[in-house]
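Please look over the sequence and structure before reading the points below.

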Amino acid sequence: MIWIFIKGLTNLTRSSRTALSSNGATTALHFLILIVSLLLSPAIVAGALSAAEFSQIDRSLSPAKISTSAAKDESPYFLAKRKEAEALFLQQQTTVGLYDRIEHYPTDSKLRYFKDATTQLTIDDIKKLDIRQDFTHNDSGGPLNLSYSESAIWIAIPLLYKGKEAVKDYWLHVDTPLVEDIEFYVVSNNEVTLRKSSGYAKAMAARDLLYPTSLLSFSITQNEDTKLYLRITSDYALHLPIAIYSPKGFAEQASISMVLSSVVLGAIAFMCIFNIFLFITVREKAYFYYVLYIFCYLVALISERLHGLHLVGEVPFFLHKDFLATYIWLVYFFALLMAKHFIDFRQVSPARVSLLKFFLRVTAVMCAVSFFAPPTAAVQWAAIGTMMNLIFLCWYAFGAVRYKIPGGGTYLTAWLFTCSGIVLYALSVNGKIPFNFFTWNAIQVGILFQLVLLSFAMSDRIKNAQKMALDATAFAMNNLQRYQSLFSNAIEGFFQMTLDKKFIDANPAMIAMLGFSSLKKLQDGSDNALSACYCDEKILNHIANELDEKREFSGIQAQFINARGERRWAESSLRFVPALNNEPAYIEGVFVDITEKKAKEALEQEREHNQLMRQIADASAAAKSQFLANMSHEIRTPLTAIIGYGDSLIDESLSEDETKTSAEIIVRSGRHLLELINDILDHSRIDADKLQVDIAPVMLPDLIAEVKSYFEPKARDKEINFSVNYHFPLPETIQTDPTRLKQILINLCGNALKFTARGSITIDIRCEVSDELLHITVTDTGIGLKPEQLNRLFDAFAQASAATAREYGGTGLGLSISKRLAELLGGTIKASSTYGKGSDFEVIIATGMLETAKLIQDNSEFNQRQTKVLTSKAPQLKGSILYAEDNEVNRRLVELLVKKTGADITLVVNGAEAVEKACKETFDLILMDIQMPVMDGLDATVAIRQSGNQTPIVALTANVMAEDIHEYREMGCDDYLAKPIDKKRFYATLAHYLQSAAEISLDK
C-alpha cells in the first residue's frame, strides 16, 4: 500500500509539472485536483494515528480506572476518551449494556446467529432456544459475514439498559442496503413487545426513517432484560454491520456518513461532467468511453448503496438491485474499451490487443446474459468477472509501462488504487483490519483516486497531441525551408494530366506536396492523378463528373493524402488546355497547400468563440452584480425602518399616536421585505422549473375588486386617477390560479404606480369568448421606456437603467416573474411604451372552458356579482386549541391572535409534548409547527393519527411549496397555514374548524 501511495504521488507530481508547463483550464483544474489530493493525505494519516492512540488508552485503562481518574481531570478531551473506552469495554461483555452517556454501541462482537434452513421457524420457536448453546457467536472480529445463504438467519442481541430514565429510545441500524427482508422483534420478560419489518423489499417511505439502510426504532425499560431478534433473508451475500444508537448518536453518525457519501458521489459526478466537456472539446474516443465508464460506475454505486434514493421514497425501477450485475459488467465493458483506445498496442504487442478483444466479447455476452439470469447467480458471476477484469487491466497497464507508452505509468497506478480499495474492503469485512466508514467505502476512495489519475493521463494525451501538432507544423516549415531555394519563383504546385487522368508533368512543389521525390516516382506511384489530389470519395466523383462534362472549376478546397500517408488540405483549380483544333488536349491544374491556413482558421474561430463566451460571462456577471447591489439596497431599506422604529417602541416616552405610527411603519416595512423575498423565491423556482400553478374556479368580479381596493387609496395619496374599464360581455367565473393572476396584476399596477407621478392609471378588461382568452391591459401616463430598454424589459435582474434603479428601487425580477407566470397560465405579457408619455402592459391568460360559464353583460350586473371582501377582524369563537411551536415569539403571536377570538389555547414546545397532550386531553383543533426539536411536526402528526385521535390538525409552517403541502396531507394534516401569518386566512381557518360564539348562543 505504501508503495502504491508513493507511486501515485510520484505520477501525480510528474503530471502536475507537465500540466503547469501548458496553458488552459484543463491543466489548471487537474493541478487543483492534485493539490486537494495532497492536502487530504495528512488528514488520513492523522486519523490513523488517532485510532492507534485510542487503542493504547483502551488497553491500559478500564472504565473503573477511567472513572476514578476523571475526578482528577475533567477536561473535554479526557472525558471523550473515557466515553470511547467505556464503549469498547462494554463491547466485550456478553450482554450489551446501554448507558445514558454512551451514544453508539457496536454489536458485531456481541451478536449470535442461528441458521433456519427450513425458513419456517417463528419468533415463538426462536424464543425457546438457548442463545448461548443454540446460537453461534460471531467471532470473525468484524461484521457478520455469511456469504450466500438460502436459510433464514436469526440474530439475537441481549440488552440491559442501566441508565437513569425509566424508558429509553434507541435505533437499531443494519448498515447493509441490499438485505431483502428484515423482521425485527423486541422481547422483554419472554414476551414480544414490538414487531417491525424493514429491508430492501420495503419502500423507504414506509420505514421508520427515510434512510438508504435499515433503521428500526425501539424503546427499552430500565434494568429489564431485553433481547433483540432479527430474522433476515436475502438473495445476496450477507454482510451485516449492526449497531445500536441513541437518537443523538445516530443523528451525528448519519450526518457525517451522508456528507462523506455525498462528497464521494459528487466527486464522481463532477468527474463525469468534467470529462464530458473535455470529450466535446477533443472528440477523442478514449474520452467518450471514459465518460461512459464513470457514468456506469456511478449508476452501479447508487444501485448498490442506494445513496440519495431515500429522498424519493423508493428505488426507481432502473436502479433496482436486480440490474446491479448488468451495471457492473457495463462498467468493465467501457473500461476495456477505454483501455483499447487509450493504450495502443497494435504495433508493439498485437497479442495484448487480441486478448483485450476476447475480454470485451466475454464481458458483452455476460452483460446481456446477466440481464435475464437470476439476480443471485448474476451478481456472483459479476464478482468473479470483476476480479478477472481487474487483474487483466492491471496486467494490460503494466505492459504499457514496460513498452514505455505515454501515460502508462499513471494508468497503472490508477488501477492499482482501485485494487487497493477492494483489498482494504475485503480485509475489513473479514475482520482482519478495523471496519469503519473509510474501509467500508475503500472501494469508492480507490475509484476516486483512479478517476483523478486517469484524468491526468488523459490530459497528458491532449498535450501529446498538441506536441504532435506542433511537430507537424515544424515539419512543414522544415520542408518549406528545404525546398525554398528550388522553388523561389513558385511555391504553388502546377501540374498537367491527360484526359484519362494520368500525370504528364508537375513542378517540384507539386511533387513535394504529393510526397514524392521525383516526377518519375510520382507518375509510377499514381495511377490516377485525381485520386492523388483528392481523398474524399464524394468530391472526387463530383470533380470527375465535371471534367467528363468538359466543365472547369476553381477554388475547390479538399483534403488529400500524400505518399507518406499524411492527410492535408489543398485549394485547387483545373482548366482544359485546348489543342490547335480547340478540342481539349490536356488538363492543367494549380494545387496550393492550405493545411496551415485551415489550422489558423480553426484556431481563430476557437479564439472568437472563447472571446464571445467571455463577453457573455462578463455581461452576466455585471447584471448579477447590479442585481445584488439593488437587492442590498432594497433589503436594507425596510430593515432600517424595522430596526429603527422597533428601537423607538422601547422608548416609554412615546405618545400613543407615535407608538401606533411606529408599529404601522414596521408592519409595512415587514410586508415589503416579504414581497422581496417572495420575488427571489419565485425566480429561483422558475429557474429550477419547479414553479407550479393551482388552477381553480375564480370569481372575476371579486378578484378585480381586490386589486382595485388595494391600489385606489395608494393612487389617491399620489393624486393619480385609478379606474377600471370593463368591455362586456365578461365571464363571471374563469379557471385559473387566483394567487398568481393577482400577483401579476399587483406587479403591473405597482410598477405603473411607481413610475407615474401625475395623470392616471387605467385597467381595461375584455374577453375573447371564442378563443377562451382574457385580456387585461394596464395603461399609465408615467415616464415610459426607450426602445432599447423595452427590448430587455422582461430579462431577469434587468431594470431600465442604473439611474432608474437608484431613484425608484426594485429588484428587477417583477416583470420577469410576471411573464413566466402568465405563460404558466396559458398566455403571455405584451408591452408597448412611448418615452415620456407612458406604457401599456397587456396580460393574456387562458380562461378555461366558457361554454357553460355565465356571461356578465353590463356594469351594474358586474358590480352586483362582487362579494363583500372579508376583513381580518377576529371572529368570536368557542373551543380549545393545542399549538405546538418551538419559537417563543411565534407562540406569543399566535396566543395573542387566538385570545382575541375568545377561544382557549394550550401551548407546547415540541412534537413529543403535543402527542402527550393530545392523548391526555381533548381539543377541537391542533396547530402544528413542522420543524421542531425532539420530535418534528410530521412525526407528531403521524403519532397522533396512529393513536386514533381524529382532531383536525393544521400545519402552521414557513414551508408551503406544493410538494410540502402534499406531504403534510399524506401524513395526516387536514389543512395548512403559511408563515408569516395572514390574519385574514388565519381567522378564516379557525372559524372553519371552531364553532362561533353566536352559533352557540342560538343553539342555547
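Thr107 sits in the loop that links β2 (104–106) and β3 (112–116). The model is predicted, and every value below is computed from it. Thr107 counts as buried because its relative accessibility is 0%, where the cut-off for buried is under 20%.

**Surroundings of Thr107**
- Leaving aside residues up to four places away in sequence, Thr107 touches Val96, Ile157, Ile242, Ala243 and Ile244.

- Ile256 belongs to helix α7, which spans residues 247–282.
- Ile256 has a relative accessible area of 52% and is therefore exposed, as the cut-off for exposed is over 50%.
- Together with Val259, Leu260 and Val263, Ile256 makes a nonpolar surface patch of about 340 Å².

**Whole-protein totals**
- The secondary structure of the protein consists of 32 helices and 34 strands.
- The protein has 1004 residues, and 42% of them count as buried.
- The accessible surface comes to about 52,000 Å², and carbon and sulfur atoms account for 57% of that area.
- Of the contacts between residues at least 6 apart in sequence, 69% join residues at least 24 apart.

**Burial at two sites**
- Thr107, in the loop between β2 and β3, is buried at 0% relative accessibility.
- Ile256, in helix α7, is exposed at 52% relative accessible area.

Methods. Residues numbered from 1 in each chain as written. Predicted model: local features only at pLDDT ≥ 70, side-chain atom pairs only at ≥ 80, totals over all residues. Heavy atoms only, no water. Helix = DSSP H or I, 4+ residues; strand = E, 2+ residues; numbered from the N terminus. Buried < 20%, exposed > 50% of the residue type's maximum accessible area, 1.4 Å probe, protein only. Contact = heavy atoms within 4.5 Å. Areas by Shrake-Rupley, 256 points an atom, 1.4 Å probe, with all protein chains shown as cover. Patch = residues over 30% accessible without salt bridge, like charges linked within 9 Å, V, L, I, M, F, W, Y side chains within 5 Å. Salt bridge = Lys/Arg side-chain N within 4 Å of Asp/Glu carboxyl O.
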